[in-house]
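Subject: Structure handover

Hi,

Here is the structure I promised to pass on. Please open it alongside this note, and my findings follow below.

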Amino acid sequence: MSRLIGVVVVLAALAAVYYFTIYQEPTPTEQLETAAQDAGDAVQDAASALGEAVSDSAQSLTEQAGDTVAAIQEQGAQALEDASGAVTESINNSTSAVADGAAGLQQQGQELIKNLQDEGLLTEAGFDYDKVVSQVEASPLVQVVKDQFIAIVGEIRDAPEQFDAGLDKLKALFQG
């Protein structure tokens, strides 16, 4: 029984971690907020699934050995409480790490935009698409953000009269 509970807890934690790391939204800030919320939902779902597993196991054991049902239910409830606390702590730690990562991503993006402007590569008077793309690709940003950044720079290249609107889009990409 404790193995079943352990397997369910491990699977729920792995599912939460997998979902948290794979699922992506249009902007990094939205990704982080959604992932944290989804991770909390996953913890609740895992606790419900574990509770159902404990309940099913207890019912089966009641049919087999009526004298041991009370002890098994007590152990199951304690295991559920212990597992729920561990999963919640893990999610809280992950959420904190995600928030730290979001702040770092915002700072990296803002610094990149400022550097490009300081170098005269991303200004209305001086715009060099190829050099901007080269510096974005060399940056430590995650690939999804790089792709969004380059797409916006492409819009600026294609419609230079919309430079200010494009620059605002780039800045919005890194705002919380």
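Val132 sits in helix H4, which covers residues 129-138. Leaving aside residues up to four places away in sequence, Val132 touches Leu116, Leu121, Phe149 and Val153. Phe149 is 17 residues from Val132 along the chain, and their C-alpha atoms are separated by 9.8 Å.

Before going further, please keep in mind that this is a predicted model. The mean pLDDT of the protein is 77, with 76% of the residues at 70 or more. One stretch to treat with care is residues 91-101, where pLDDT stays under 50. For that stretch the model has eight contacts beyond four places in sequence. Where pLDDT is low, the predicted coordinates should not be read in detail.

Now the overall layout. The protein has six helices and zero strands, giving the pattern α-α-α-α-α-α when read along the sequence. It has 176 residues, of which 32% count as buried. If you take the contacts between residues at least 6 apart in sequence, 64% of them join residues at least 24 apart.

H4 and H5 have their axes 10 Å apart and pack at an angle of about 170 degrees. Angles over 145 degrees count as roughly antiparallel, so that is how H4 runs relative to H5. On the H4 side the contact is made by Tyr129, Val132, Val133, Val136 and Glu137. H5 contributes Gln143, Lys146, Phe149, Ile150, Val153, Gly154 and Arg157. By type, the residues of this contact are seven nonpolar, two polar and three charged.

H5 also meets H6. The axes of H5 (residues 143-158) and H6 (residues 163-173) come within 9 Å and cross at roughly 170 degrees, which means that H5 is roughly antiparallel to H6. The H5 residues in this contact are Val145, Gln148, Phe149, Ile152, Val153, Glu155 and Ile156. Their partners in H6 are Phe163, Gly166, Leu167, Lys169, Leu170 and Leu173. Here the division is nine nonpolar, two polar and two charged.

You will have noticed Phe149 coming up in both contacts: with H4 and with H6. Is Phe149 buried or exposed? Phe149 counts as buried, because its relative accessibility is 0%.

How many aromatic pairs does a search of the whole structure find? The search finds one. It joins Phe149 and Phe174, whose ring centres are 6.1 Å apart and whose planes are at 50 degrees, so the pair is tilted. Phe149 lies in H5 and Phe174 in the segment after H6, so the pair ties together parts that are 25 residues apart in sequence. Phe174 is buried as well, with a relative accessible area of 1%.

For contrast, have a look at Gln59 in helix H2, which spans residues 28-64. Gln59 is exposed, because its relative accessible area is 51% and the cut-off for exposed is over 50%. From Gln59 to Ile72, 13 residues away in sequence, the C-alpha to C-alpha distance is 10.0 Å.

Best wishes

Conventions: Residues numbered from 1 in each chain as written. Predicted model: local features only at pLDDT ≥ 70, side-chain atom pairs only at ≥ 80, totals over all residues. Heavy atoms only, no water. Helix = DSSP H or I, 4+ residues; strand = E, 2+ residues; numbered from the N terminus. Contact = heavy atoms within 4.5 Å. Axes fitted to C-alpha atoms, helices over the stretch in contact; angles between N-to-C directions. Parallel < 35°, antiparallel > 145°, perpendicular 65-115°, else oblique. Nonpolar A, V, L, I, M, F, W, Y, C, P; charged D, E, K, R; others polar. pLDDT = per-residue confidence, 0-100. Phe/Tyr/Trp six-rings, centres within 6.5 Å; stacked < 30°, edge-to-face > 60°. Buried < 20%, exposed > 50% of the residue type's maximum accessible area, 1.4 Å probe, protein only.
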